[in-house]
Amino acid sequence: MLQACLSVVLLLPLAYCVPSRPPARICRRCCDHLEPPASTVHIPEVRTVINMTILKGDKGDRGDKGTPGKLGPEGTHGSQGPMGPKGSKGPVGTPGDACKIPRSAFSVGRRKSLHSEDYYQAMVFDTVFVNLYEHFNMFKGKFYCYVPGVYLFNINIHTWNFKETYLHLMHNDKEQVILYAQPSERSIMQSQSVMLNLALNDEVWVRLYKRERENAIYSDGVDIYITFNGNLVAASLL
């Protein structure tokens, strides 16, 4: 045992003195790449992802107008607002067409005297001074309203001495004004006038009214003592 240990001790210096061999060199050709061989480590592929939601382009053209939708339910009426201030006066308008301005007028007379025979008797006339558009009917002694509005009427007569004169100016079948003269030894001129608001197809005429006394109007058959006139003052607004 001791001998074996001595042999090992004696061999250790020999092992230490043995020269070591240089490392082996890799043989290369001159045309080989001088870079070290590529690593086998896997490098992940990097891909660029663009978020399209953050990119804003230019404003596009306006599209075509769509078809209107269905009408919605009607809302409740709001309360009336306060009255606004009065506006300024407008300019004067241009003159209207003369052909479109409503007109109506008449003037008729009677040459013959008249004695009432009934209690109610319409006065007719035999002379025309003006009868615009034939609105006055000479056969009936009545004016017919074809242009509604305000009219002025006037009647003139000559009384008969010692006889009563009693006339009504009639609007349709209703008395409007009276022309009256008591019996007198002198005959005089009497007149009456009134303005009436007429509707379409209204009638205006003169009626004699006979009472106990004889009702008469004087005329000599030559000159005209009796006249009845009417004209439109203002037409009604449509």
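Me: Which residue forms a salt bridge with Glu-175?

Reply: A salt bridge is a side-chain nitrogen of Lys or Arg within 4 Å of a carboxyl oxygen of Asp or Glu. In this predicted model, Glu-175 forms one with Arg-207, and the closest N and O atoms are 2.9 Å apart. The pair links distant parts of the chain: Glu-175 sits in strand 9 and Arg-207 in strand 11, 32 residues apart. Strands (E, at least two residues) and helices (H or I, at least four) are DSSP runs, numbered from the N terminus.

Me: Are Glu-175 and Arg-207 buried or exposed?

Reply: Buried means under 20% relative accessible area, exposed means over 50%, and partly exposed lies in between (1.4 Å probe, protein chains only). Arg-207 has 8% relative accessibility, so it counts as buried. Glu-175 is partly exposed, because its relative accessible area is 38%.

Me: How many salt bridges are there by this rule?

Reply: The count is two. Glu-203 also forms a salt bridge, with Lys-142, at 3.3 Å between the closest N and O atoms. Here, too, distant parts are linked: Glu-203 is in strand 11 (residues 203-209), Lys-142 is in strand 6, and 61 residues separate them. Lys-142 is buried, with a relative accessible area of 18%.

Me: What does His-171 touch?

Reply: Contact means heavy atoms within 4.5 Å. Setting aside neighbours within four places in sequence, His-171 contacts Gln-176, Leu-196, Asn-197, Leu-198, Asp-202 and Glu-203. His-171 lies in strand 8. At 16% relative accessibility, His-171 counts as buried.

Me: And how do I read an aromatic pair?

Reply: A pair of aromatic rings is described by the distance of the centres and the angle of the planes. Rings of Phe, Tyr and Trp (its six-membered ring) pair if their centres lie within 6.5 Å; planes under 30 degrees apart are stacked, over 60 edge-to-face, and the rest tilted. The structure holds 14 such pairs. Take Phe-143 and Phe-153: the centres are 5.8 Å apart and the planes are at 65°, so this pair is edge-to-face. Phe-143 lies in strand 6 and Phe-153 in strand 7 (residues 149-158), so the pair ties together parts ten residues apart in sequence. Both Phe-143 and Phe-153 are buried.

Me: What is the geometry of the pair Tyr-166 and Tyr-180?

Reply: Tyr-166 and Tyr-180 are edge-to-face, with 5.3 Å centre to centre and 70° between the planes. Tyr-166 is in strand 8 (residues 165-171) and Tyr-180 in strand 9 (residues 174-181), so this pair ties together parts 14 residues apart in sequence. Tyr-166 counts as buried at 12% relative accessibility, whereas Tyr-180 counts as partly exposed at 28%.

Me: Which rings do the pairs link into a cluster?

Reply: The cluster joins Phe-106, Phe-125, Phe-136, Phe-143, Tyr-151, Phe-153 and Phe-228.

Me: Where is Pro-148 found?

Reply: Pro-148 is in the loop between strand 6 and strand 7. At 30% relative accessibility, Pro-148 counts as partly exposed. Pro-148 and Ala-234 are 86 residues apart in sequence, but 8.7 Å apart in space, C-alpha to C-alpha. Beyond four places in sequence, Pro-148 touches Leu-198, Ala-199, Leu-200, Ala-235 and Ser-236.

Me: What does Thr-227 touch?

Reply: Thr-227 lies in strand 13 and is buried, with a relative accessible area of 18%. Not counting residues up to four places away in sequence, Thr-227 touches Val-108, Gly-109, Phe-129, Asn-154, Ile-155 and Asn-156.

Me: How many helices and strands are in the chain?

Reply: There are one helix and 13 strands. Of the 238 residues, 24% count as buried. Among contacts between residues at least 6 apart in sequence, 72% join residues at least 24 apart.

Me: Where does pLDDT stay under 50?

Reply: pLDDT is the predictor's confidence in each residue, from 0 to 100. It stays under 50 over residues 14-18, for which the model has zero contacts beyond four places in sequence. The chain mean is 81, and 75% of residues reach 70 or more.

Me: What ground rules apply?

Reply: Residues are numbered from 1 along each chain as its sequence is written, and side-chain values use heavy atoms, leaving out hydrogens and water. In this predicted model, local features need pLDDT of at least 70 and side-chain atom pairs count only at pLDDT 80 or more, while totals for chains, interfaces and linings use all residues.
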